[in-house]
Amino acid sequence: MREDVESLDIRDVTANWVNAIVLQAQIDDRIKALADLAHTPLFFGRLNYLHAPGASLAEGAEGEQFYIGRRHVHDAGGDPMVIDWRAPVSQPFYRASKKDPQDIGLRRRFGYTGGELTAYEDEHLSDPAEASAVSKLLQQEIERPRVGPMRDIVATIQPEQDEIVRSGLGGSVCVQGGPGTGKTAVGLHRVAYLLYAHRDRLARTGTLVIGPNRSFLHYIEQVLPALGELEVKQATVDDLVARPGVAEVRAVDGAATAVVKGDARMAEVLRRAVRSHVTPPTEPLMVVRGSRRWRVPAYELAEIVEELQNRDIRYGAAHDALPQRIAHTVLVRMEQAGEAPDDRVQDAVARNPAVKAVVKQTWPPVDPAKLVLRLLSEPEFLAEHAAGILDEEEQRLLLWPKPFRSVKSAKWSPADLVLIDEASDLVERTHSLGHVVLDEAQDLSPMQYRAVGRRCTTGSATVLGDLAQGTTPWATRSWAEALGHLGKPEAVLEELTAGFRVPREVIAYASRLLPRISPGLAPVSSVRETPGSLDVREVEAGELTGAVVAACRAALVHEGSIGLIAADARIEELGGALVADGLPYLAPGEETTAESRLTLVPASLAKGLEYDYVVLDEPGAIVAGEPDERTGLRRLYVCLTRAVSGLTALHAEALPGALV
């Protein structure tokens, strides 16, 4: 298929050089999408239908056989050899069961080692004599060692996951899923499915995956290309609201200040501040055209301004509409005087110096960054627009101790840029995409949810997260509240409770924290029983670092990736100890290889990552590194649940009480 595309000659089919460049770019993209991926087989399953799909059972139609793979593959004659996993005919591969065989006689799974076919496994779903059994190949694929970036789960999607993946583009979905339930993979595969089912629409409107940090995005960046989808953008929330060259992040807010800046009430403060620039006119307008003068009294101008305010359209759109509305009023007077003005006359009146002067005085332009600068610098300006919304202490937290002179000299924080983004949307509508996937959503503030929601006002969203893993002072309390801030209150809430990554012993140990960090949340039920996967050891205080290094060396005996997770304050000491012991290590986001498998992970960056074996340094220090105990225990819960095959936790201090 790739050679067919490479052999295309477009010299005689393009009208001009522009068409030639565009067509060649499309050909290059197609060639890139058809690239062979090392150790990635073209098919992973087969379905034997009892009757041809779509045929009436009464017709006695013969069955049909389909190979299922990551992408559509056809032969030289154009006949399909492998069916894309997203096609409707492939759905029973994920959904069919002994209870509901969906006209499937045989489902076959193929097992691979290093890209070579090494095994297969058959299920005769329509044979009542065959007992239902757990797929060993499925279990082996789930437990396969993790080396390199995150891989797709297209061969192992479970029925409850498939229902979310294939839900329609029209509605938004929120997925609550504990550690190892596959929520991130579900979100990414949902994007791939939507691009398959609605390619033309999403090609026009765009798709975006939003992650918590760059390390996480680097970890997941190969999943969609492996499924043939190369055009999906990835970003963090900070990337979305960035103002390069205008407002640079050079400061970090304290927790109390960040909570206030992230509060949804700030949206109303900003709206008031933007609208405060409107000043109803008090003087009449006189427009001179040739020998005629046309007068518009102040009360009529005020009525036009009031009408625009009541329509609640964007400030900038109203600013642009005001001269046209004034010009229309003048044209009505011209027509009443017997003239016959057309659109060109209206445009000329709108550009009249007298009209422009009224607009500038009545509805002046607003610079969003300068507006936020004033709010954070001028106590009187903030108090005027926060009255009845924020109390005095909250206003005090917002104000800079020493005001900055300009937007460029100001030391902006990440939360400040979210405020500027909100103000920008009040002035000019933010462009909306067709679909947005928001992962690790539980850590977003209400104002950050609003910033994401602005990017999908006319599209849909897939929200992924776990309330128990919220580790920010403003972490999400409920999904209903979060979806309201996102602008998607109608989103369907789905819950994934079956765990496929974390061993049963490990997730049960971590779940001891749930009553303290997220009461009422159902614990994850792991399908993987791995005896000996949990080892919690106490060591002498002076021997902790040495014991941790020894545990890392012991873990490296096993196949797969190793993660050493520790409190941020311990990273420097542990890094030095690893190097001194001859153990080179990677930073989060750097790709593991067969030669370099150990990653040193600060607890603050562990979220969303996974390793075959995890060595956890001093759980108590991880809790103590956070501003409050609940946030610390949530951070610890995240760190405890990064392991796929085994967890070794070493401590010199007493363990947090909830774990004992």
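**Close-up views of a predicted model**

Trp 17 sits in helix H2 (residues 17-33). Helices here are DSSP runs of H or I with at least four residues, strands are E runs of at least two, and both are numbered from the N terminus. This is a predicted model: local features need pLDDT of at least 70, side-chain atom pairs count only at pLDDT 80 or more, and totals for chains, interfaces and linings use all residues. Residues are numbered from 1 along each chain as its sequence is written, and side-chain values use heavy atoms, without hydrogens and water.

**View A. A nonpolar surface patch includes Trp 17.** Its members are Trp 17, Val 18, Ile 21 and Val 22. Together they have about 430 Å² of accessible area (Shrake-Rupley, 1.4 Å probe, only the protein chains shown count as cover). Trp 17 is exposed, at 64% relative accessible area (exposed is over 50%, buried under 20%, partly exposed in between; 1.4 Å probe, protein chains only).

**View B. Helix H15 (residues 343-350) has four buried residues: Val 345, Gln 346, Val 349 and Ala 350.** They lie on the same side of H15, because their arc around the axis is only 140 degrees (directions run from the helix axis to the C-beta atoms). Their packing partners are strand E10 (285-289), helix H14 (315-336) and helix H16 (353-362) (contact: heavy atoms within 4.5 Å).

**View C. Asn 352 occupies the loop between H15 and H16.** Asn 352 is buried, with a relative accessible area of 13%. Its side chain reaches the backbone nitrogen of Ala 354 at 2.9 Å. Asn 352 also touches Val 287 and Val 288, leaving aside residues up to four places away in sequence.

Notes:
Patch = residues over 30% accessible without salt bridge, like charges linked within 9 Å, V, L, I, M, F, W, Y side chains within 5 Å. Salt bridge = Lys/Arg side-chain N within 4 Å of Asp/Glu carboxyl O. Polar contact = N/O pair within 3.5 Å; in protein donor to acceptor, adjacent residues only side chain to side chain.
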